[in-house]
Amino acid sequence: MKKPDLPMYLIFAEVSVNIMEAVRNLTGKEPERMKRFQTGLIRKFKNMKYRHKLTILLVVASLVPMVILAWYSHIRISSMSRRNAVEDMNSMLEQTREGIDSQIEVYSSLLNYLTYSPDIEEIINEKDIDNYIAYQKYTEIADPLLSVPKSYHDAILQIQLFAESIKVRHEYTLVPLAQIDKEWWNDRLSDDMKIQWLVERSLSQIAAVRKICRGANVEAVLCVTLDYDKLFQPFENIINEKCGGMILDSDGNIIYRKENFEDEILEKAKNSAQIVAALDKKYASVNSLSEESGWHFFLYKPQSVIDSTVSQIL
């Protein structure tokens, strides 16, 4: 007699039950095999002769200190390699910062020389002078003093003297003091009589400015304008692949920053304080302060890059 056909849902139910039982048997066999293996291994060890057991124990006991020593050596070498990598970064940063400081010192000496130059002082003091004589002094005395240094220093864009005694602008070198408001750095000047270093990243310019006063009144201002990219070129050269660098001025403003990697935290950082806080958490970083300019130099790499370098050495 022909058996009646089963409904499809009963067939599916029967198949699913069979699959579940098969999986249960497979998962149950693995722990059972492991247990039998462990039991067999213990039984074999117990059935060994005493000298064989002693040999195994001696071998194991001799391996333990070797493993501990190897583990300790690995940790020490890793630590030394990381420290050496950071020291190399610090040495590179110090040398670069000193090189930039040497350039800054040259420009500072130039400004000081011009400030106390008798020829410049004469131009500042002679307020009532014939236009012809003034023009003659400007072309024969002032122009060489303020333009010749450009030929010896590629980073110098221009040298300017702003003075009350100057009535009419003479090329780019001599400018009436009343026109100083047009300069981008004028609003940033403090009352300090020392050389002030100001940076404008959007214009790629750096200004070294010094006020010349008589009593409480500012009679003149000397300014050496420098090429931003040329002055900071040595610093840019050490920011290699997967490395970053930053320079802050004395007020904590970012005057230079470059990173050759992507980092979401650094990209979202709104100011230098947030960047420095991020560097302390997940970066290997070094920093150096310039006494000449008051600029603070930072060089940093992701900690993962240092770890990768260490793992290649080991």
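Reader: What makes the contact of glutamate 94 with arginine 97 a salt bridge?

Author: The closest N and O atoms of glutamate 94 and arginine 97 are 2.7 Å apart. A salt bridge is a side-chain nitrogen of Lys or Arg within 4 Å of a carboxyl oxygen of Asp or Glu, so this pair qualifies. The model is predicted: local features need pLDDT of at least 70 and side-chain atom pairs pLDDT 80 or more, while totals for chains, interfaces and linings use all residues. Residues are numbered from 1 along each chain as its sequence is written, and side-chain values use heavy atoms, without hydrogens and water.

Reader: Where do glutamate 94 and arginine 97 lie?

Author: Both are in helix H2, three residues apart, about one turn of the helix. Helices here are DSSP runs of H or I with at least four residues, strands are runs of E with at least two, and both are numbered from the N terminus. An α-helix has 3.6 residues a turn, so residues three or four places apart point the same way. Glu94 and Arg97 also belong to a network of salt bridges with Asp101.

Reader: Why is arginine 97 called buried, and what is glutamate 94 called?

Author: Buried means under 20% relative accessible area, exposed over 50%, and partly exposed in between, with a 1.4 Å probe and protein chains only. Arginine 97 has 13%, so it is buried. Glutamate 94 has 23%, so it counts as partly exposed.

Reader: How many salt bridges does the structure hold, and which parts does the pair of arginine 188 and glutamate 200 join?

Author: There are seven. In one of them, the side chains of arginine 188 and glutamate 200 meet at 2.2 Å, N to O. Arginine 188 lies in the loop between strand S2 (174–176) and strand S3 (196–200), and glutamate 200 lies in strand S3, so the pair ties together parts that are 12 residues apart in sequence. Arginine 188, at 39%, is partly exposed, whereas glutamate 200, at 16%, is buried.

Reader: How do you know that the buried residues of helix H8 share a side?

Author: The buried residues of H8 (residues 272–282) are Ser272, Ile275, Ala278 and Leu279. They cover an arc of only 120° around the axis, so they sit on the same side of H8. The arc is that of the directions from the helix axis to the C-beta atoms. Ala273, Asp280 and Lys281 are exposed on the other side of H8. The cover over its buried residues includes strand S6 (244–248), helix H7 (264–268) and strand S9 (296–302).

Reader: What makes a set of residues a nonpolar core, and which residues touch the most other members of the largest one?

Author: A nonpolar core is a set of buried Ala, Val, Leu, Ile, Met, Phe, Trp, Tyr and Cys residues joined through side-chain atoms within 4.5 Å. The largest has 47 residues, of which Leu161, Trp197, Ile206, Phe232, Phe235 and Trp295 touch the most other members. H2 gives the most to this core, with eight residues. A second, separate core of 12 residues includes Phe162, Leu198, Val221 and Cys223.

Reader: Which residues does phenylalanine 235 touch?

Author: Contact means heavy atoms within 4.5 Å. Not counting residues up to four places away in sequence, phenylalanine 235 touches Leu93, Thr96, Ile100, Gly245, Met246, Ile247, Tyr256, Phe297 and Phe298.
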